[in-house]
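Please examine the entry below before reading on.

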Amino acid sequence: MNCPYCGTSIQENQIFCPKCGNRIINHIITENYELSDTRELELYIDKNYKKISNKAFSFPTFFLSVFYFFYRKMYLLAFFFAILNISICFFAIINYKIALILLVGAYLLSFIIAIKFNSIYINFANHKINKIKKKHFQLSNYEIDEKIKDAGGTNLLSPVLFLTI
């Protein structure tokens, strides 16, 4: 095995390169894209980790969909549902029958996502944690934990901003 920074030959169990001094162990872990451990998921998800990891149905997702996705920093999913809701309103003006079909479809989709949300969110968190570990592999474990904690959690401001717009 070689150091990813300077190319020096190193032992498998070495944490630091003897030549350049860079940390090797985080680089090895992030290259393999292992699943994040519970501690990292708890840091990312915050105080509701046990609820999210153990429940089969997410009531906030079903009743608040767009707002809850913004709150959980899942912006792409939030924008998708926002566009879907705006489309339903638009079609309600044009043709109420199409709007009714879209509304039923949106509720069915919300129900399915509410069933799958917790596992979707855990996978989302794992992906974000792995990106952080790969991007900041040269940092200490404590510094990486801080980056994970800063990137995760919730954002109350974004659903409020969305509501005002």
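Is K133 buried or exposed, and what is its relative accessible area? K133 is buried, with a relative accessible area of 9%; here buried means under 20% relative accessible area, exposed means over 50%, and partly exposed lies in between, computed with a 1.4 Å probe on protein chains only. The model is a predicted one, in which local features need pLDDT of at least 70 and side-chain atom pairs count only at pLDDT 80 or more, while totals for chains, interfaces and linings use all residues. Residues are numbered from 1 along each chain as its sequence is written, and side-chain values use heavy atoms, with hydrogens and water left out. Helices (H or I, at least four residues) and strands (E, at least two) are DSSP runs numbered from the N terminus.

**Salt bridges**

- The structure holds 2 salt bridges, a salt bridge being a side-chain nitrogen of Lys or Arg within 4 Å of a carboxyl oxygen of Asp or Glu.
- One of them joins R39 and D145, whose closest N and O atoms are 2.6 Å apart.
- Because R39 belongs to helix α2 (residues 38–45) and D145 to helix α7 (residues 141–151), this pair ties together parts that are 106 residues apart in sequence.
- R39 is partly exposed at 39% relative accessibility, whereas D145 is buried at 16%.
- K133 and E40 also meet through their side chains in a salt bridge, with an N to O distance of 3.4 Å.
- This pair links distant parts of the chain, since K133 sits in helix α6 (residues 96–135) and E40 in helix α2, 93 residues apart.
- E40 is buried, with a relative accessible area of 8%.

**A buried arginine without a salt bridge**

- R72 occupies the loop between α4 (59–71) and α5 (75–94).
- R72 is buried yet has no salt bridge, and the nearest side chain of opposite charge, D46, is 6.6 Å away; for charge, Lys and Arg count as positive and Asp and Glu as negative, while His and the chain ends are not counted.
- Leaving aside neighbours within four places in sequence, R72 is in contact (heavy atoms within 4.5 Å) with I45, N48, I52, F117, Y121, F124, G153 and T154.

**Nonpolar core**

- The largest nonpolar core has 27 residues, of which Y44, I45, F69 and Y121 touch the most other members; such a core is a set of buried Ala, Val, Leu, Ile, Met, Phe, Trp, Tyr and Cys residues joined through side-chain atoms within 4.5 Å.
- Two or more residues of this core come from each of α2, α3 (49–54), α4, α5, α6 and α7.
- Helix α6 supplies the largest share of this core, 9 residues.
- Apart from neighbours within four places in sequence, Y44 is in contact with Y121, F124, A125, K128, I129, I148, A151, G152 and G153.

**Packing of α2 and α7**

- Two packed helices are described by the angle between their axes and the distance between the axes.
- Helices α2 and α7 pack at an angle of about 40 degrees, with their axes 6 Å apart; axes are lines fitted to C-alpha atoms, for helices over the stretch in contact, and angles run from 0 to 180 degrees between N-to-C directions.
- The two helices, α2 and α7, are therefore oblique to each other, given that angles under 35 degrees count as roughly parallel, over 145 as roughly antiparallel, 65 to 115 as roughly perpendicular and the rest as oblique.
- The residues that meet are R39, E40, L43 and Y44 in α2 and D145, I148, K149 and A151 in α7.

**Two isoleucines of α6**

- I132 is found in helix α6 and is buried at 11% relative accessibility.
- Not counting residues up to four places away in sequence, I132 touches I144, K147, I148 and A151.
- I101 also lies in helix α6, but is exposed at 64% relative accessibility.
- The C-alpha atoms of I132 and I94 are separated by 46 Å, at 38 residues apart along the chain, and those of I101 and S65 by 19 Å, at 36 residues apart.

**Positive phi values**

- D46, in the loop between α2 and α3, has a positive phi near 90 degrees although it is a residue other than glycine.
- D46 is partly exposed at 38% relative accessibility.
- K73, in the loop between α4 and α5, is likewise not a glycine and has a positive phi of about 65 degrees.
- K73 is buried at 18% relative accessibility.
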